[in-house]
Amino acid sequence: MTLAQAAAEEARAAGEVPVGAVLVRGDEVIAKGFNHPIGGHDPSAHAEMAALRAAAQSVENYRLPGCELYVTLEPCLMCAGAIMHARIARVVFGARDPKTGACGSVVDAFANPQLNHHTTVIGGVLEDECGAALKSFFAERRRAGREARAAAHAGEGGEGGEPDQAKPL
């Protein structure tokens with residue numbers, strides 16, 4: 001999970017929501033990924049999807065049996081579907097996602113007995129640390145937004161702004 005946390009920091013450095021994922025088979029790290037939907041202009045560019053794509057390219061197979069995925073945030077429904085299609089054996093996640101989590105927080109995609117592949121899920125690994133990284137990111141984003149709005153307001157002739165310029169008639 002610490003490798004996934006390092007990948008999440010790469011996302012943060014790129015201005016993305018800090019979520020990281022690492023795919024392993026046995027003791028070998030096959031791939032890693034981090035969130036980049038904003039920079040990539042791609043709504044599917046979640047950390048899990050990036051790691052799955054890189055792993056599939058690395059092993060030249062879209063099926064990844066025997067692999068385990070470590071991710072700092074509970075996968076969403078899109079990622080859960082891709083995890084199932086890739087035949088990932090186990091998912092280990094950090095923070096729970098009460099808004100879009102598909103491993104039990106909102107829905108439990110992996111518990112559906114009608115599906116033909118079943119992935120083992122373990123949640124809450126380093127949950128506090130993974131959650132703190134996300135909370136600090138969003139707190140900083142809210143603070144920056146408040147500062148930008150305050151600066152814009154000041155530039156509109158508020159206290160400390162530029163003097164009003166003559167307006168054409």
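These legends walk you through several close-up views of a predicted model.

Residues are numbered from 1 along each chain as its sequence is written. Because this is a predicted model, local features need pLDDT of at least 70 and side-chain atom pairs count only at pLDDT 80 or more, while totals for chains, interfaces and linings use all residues; side-chain values use heavy atoms, with hydrogens and water left out.

**View 1**
Helices (H or I, at least four residues) and strands (E, at least two) are DSSP runs, numbered from the N terminus.

**View 2. Strands E4 and E5 run parallel.**
In general, strands of a sheet pair through backbone hydrogen bonds, either parallel or antiparallel. E4 and E5 run parallel, and three bridges join them.

**View 3. Lys-32 and Glu-10 meet in a salt bridge.**
A salt bridge is a side-chain nitrogen of Lys or Arg within 4 Å of a carboxyl oxygen of Asp or Glu. By this rule the model has six salt bridges. In one of them, the side chains of Lys-32 and Glu-10 meet at 2.4 Å, N to O. Lys-32 belongs to strand E2 (residues 28-34) and Glu-10 to helix H1 (residues 2-13), so the pair ties together parts that are 22 residues apart in sequence. Accessibility is sorted into buried (under 20% relative accessible area), exposed (over 50%) and partly exposed in between, using a 1.4 Å probe and protein chains only. Lys-32 is partly exposed at 44%, and Glu-10 is partly exposed at 32%.

**View 4. Glu-68 and Arg-90 link two strands.**
Glu-68 forms a salt bridge with Arg-90, with the closest N and O atoms 3.2 Å apart. Glu-68 sits in strand E3 (residues 67-73) and Arg-90 in strand E4 (residues 90-95), so this pair ties together parts that are 22 residues apart in sequence. Glu-68 is partly exposed at 23% relative accessibility, and Arg-90 is partly exposed at 23%.

Glu-140, Arg-143 and Glu-147 are linked in a network of salt bridges. Between Glu-147 and Arg-143, the closest N and O atoms are 2.3 Å apart. Both of these residues lie in helix H5 (residues 127-155), four residues apart, about one turn of the helix.

**View 5. Phe-137 and Phe-138 make an aromatic pair.**
Rings of Phe, Tyr and Trp (its six-membered ring) pair if their centres lie within 6.5 Å; planes under 30 degrees apart count as stacked, over 60 as edge-to-face and the rest as tilted. The count by this rule is one aromatic pair. Phe-137 and Phe-138 form the pair, edge-to-face, at 5.2 Å centre to centre with 80° between the planes. Phe-137 is buried at 8% relative accessibility, whereas Phe-138 is partly exposed at 31%.

Methods:
Pairing = 2+ DSSP bridges.
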